[in-house]
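Thanks for coming. I have one structure to go through today, and I will keep to a few local features.

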Amino acid sequence: MTTAHGAPPDHDHAVPRARRPGREPVTDETVARLRAPARTDPASGLPALAAALRGRAYGEPRPRPEEAVPFLEESAGIYRALVADGGTEHLAAAARALSSLALHHSRAHADGPALAARQEAADLARRAEADQPVEGFGQAAVLHADLAHGLAEAGRFDEAVDAARTVADRSLAVTEAGGSDLTWRLLDLTVLLRLADRTEEAVAVEHEALAWLREGRTEPARSPVPALRAAGAALWFADLGRTEQSHRLLADAARSCERLPARGDAGDFGFNEGLRSALFARSGVRDEQAAADAPDPLALGVDPGRRLQPVLGLDLHHWSFSLRASFEDGLVTLARAVEAITGTPEPTDRLPDEEGPSEQADGSLPLPEDRDLLATLGTLTRRLDLRRAVRGDHPSYYAHLTLPRLRRSVRIERRLHATGPAHDTRRLVRALTDLAMAQLVHGDHTEATGTLHEAHALAVRTENPAG
């Protein structure tokens with residue numbers, strides 16, 4: 001999902017050259033053909049066999065993760081032998097092979113081997129760049145970013161922070177004006193600091209990221225990313241109880257929107273949507289954690305024995321693969337709970353056709369009259385939207401899927417707010433901010449400006465009712 005904006009490169013290394021356009025896919029026959037030269041001429045035959053084994057893990061037919069692991073383990077074993085004597089020629093390739101092995105271990109839910117492979121991959125990449133320094137971000141930093149999230153997946157949050165800070169420092173040193181990589185690295189760091197219960201440090205890093213954006217050092221002038229980041233930070237700071245900072249950031253986001261053209265460029269859609277999903281997930285952490293201690297139905301989809309942590313989006317960035325099964329099972333449970341309240345099947349994640357009802361119809365669905373039931377529906381709907389965003393469901397169908405869902409949330413919260421505005425304004429502000437961020441991603445800058453101004457006015461009026 002690489003975009004003109006410069007999407008994070010973290011998973012680029014997982015795609016072997018044999019799978020890139022213009023290259024023949026690696027098959028079982030390819031691997032078999034290379035075994036004889038590997039025995040007769042190991043100097044050239046073994047590296048070729050190792051590369052082919054890695055390529056076969058991505059070949060046709062595409063094996064399941066657990067089926068691909070043996071190919072990658074053999075490839076990694078060959079590369080380990082090739083670099084064991086201190087040689088440097090194959091270090092970078094060895095690091096890529098170990099990284100691919102780690103990814104497939106994660107997808108096969110083998111968390112321990114995945115983390116060990118990530119550590120080994122990062123060490124090999126660091127050795128490679130010590131031998132041949134690079135000018136840009138470099139493979140070592142990419143693999144340390146993977147390691148940081150692997151450590152977080154294992155619950156080793158302080159170690160994850162150390163790895164992520166190393167990555168952010170590298171990005172800070174090499175990101176040119178207008179580059180986007182630092183946007184992601186600092187967001188990674190705030191998420192991991194939050195997981196480590198180091199909230200004040202996370203807030204300090206977020207202020208650093210926002211300062212870079214205000215100075216125009218990490219984004220083009222006409223990019224919606226500064227508005228997205230400010231709105232996302234407003235959500236998070238409100239969640240932390242920092243209302244004054246949250247209000248100021250909502251105002252900053254609205255002003256950033258005003259400087260944008262009425263319609264956005266779709267060229268950077270993937271990057272912007274990945275960023276929105278990550279910001280949405282960060283602000284939704286409390287939704288998931290609070291649900292674990294809540295009575296039914298708010299605890300639906302939560303495994304009390306293992307905290308669910310929506311870190312970042314699956315398609316564009318990192319994901320804790322070992323939690324995906326329970327996370328997705330929870331999606332089904334949440335959808336059924338919403339259906340039980342509305343009396344209407346929850347729309348599926350597909351582009352509506354002429355015969356099926358459009359998800360735009362959400363706006364006309366009846367809402368419950370009971371205030372408590374309405375509040376429960378609003379909470380469950382946001383948790384459902386949160387999980388969908390983190391999974392990255394069909395982002396190309398944005399106008400038919402994501403935006404109608406968020407408009408539905410606003411409609412629910414407006415109705416709830418009308419029954420008790422003093423208590424529920426913060427919920428409506430959050431729903432409006434969620435919607436504005438999606439409008440920014442979709443290029444609806446004028447609509448996003450109006451939505452953010454409404455959210456800001458409501459927030460300020462709530463804290464200063466006399467004004």
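Which helix does Arg 382 lie in? Arg 382 belongs to helix 15, which covers residues 371–391. Keep in mind that this is a predicted model.

Is Arg 382 buried or exposed? Its relative accessible area is 6%, and the cut-off for buried is under 20%, so Arg 382 counts as buried. As for what surrounds Arg 382, if we set aside neighbours within four places in sequence, the residues in contact with it are Phe 280, Ser 283, Gly 284, Asp 287, Arg 430 and Asp 434. With one of these, Ser 283, Arg 382 makes a side-chain to side-chain polar contact of 3.2 Å.

Next, Thr 342. This residue is part of helix 14, residues 324–342. Thr 342 has a relative accessible area of 15%, so it is buried as well. Its side chain reaches the backbone nitrogen of Thr 344, at 3.2 Å.

Last, a helix pair. Two packed helices are described by the angle between their axes and the distance between the axes. For helix 8, residues 181–195, and helix 10, residues 225–239, the axes come within 13 Å and the crossing angle is roughly 10°. Angles under 35 degrees count as roughly parallel, and therefore helix 8 and helix 10 are roughly parallel to each other. Which residues make the contact? From helix 8 they are Thr 183, Leu 187, Thr 190 and Arg 194, and from helix 10 they are Val 225, Arg 229, Trp 236 and Asp 239. Sorted by class, the contact of helix 8 with helix 10 has three nonpolar, three charged and two polar residues.

Technical notes:
Residues numbered from 1 in each chain as written. Predicted model: local features only at pLDDT ≥ 70, side-chain atom pairs only at ≥ 80, totals over all residues. Heavy atoms only, no water. Helix = DSSP H or I, 4+ residues; strand = E, 2+ residues; numbered from the N terminus. Buried < 20%, exposed > 50% of the residue type's maximum accessible area, 1.4 Å probe, protein only. Polar contact = N/O pair within 3.5 Å; in protein donor to acceptor, adjacent residues only side chain to side chain. Contact = heavy atoms within 4.5 Å. Axes fitted to C-alpha atoms, helices over the stretch in contact; angles between N-to-C directions. Parallel < 35°, antiparallel > 145°, perpendicular 65-115°, else oblique. Nonpolar A, V, L, I, M, F, W, Y, C, P; charged D, E, K, R; others polar.
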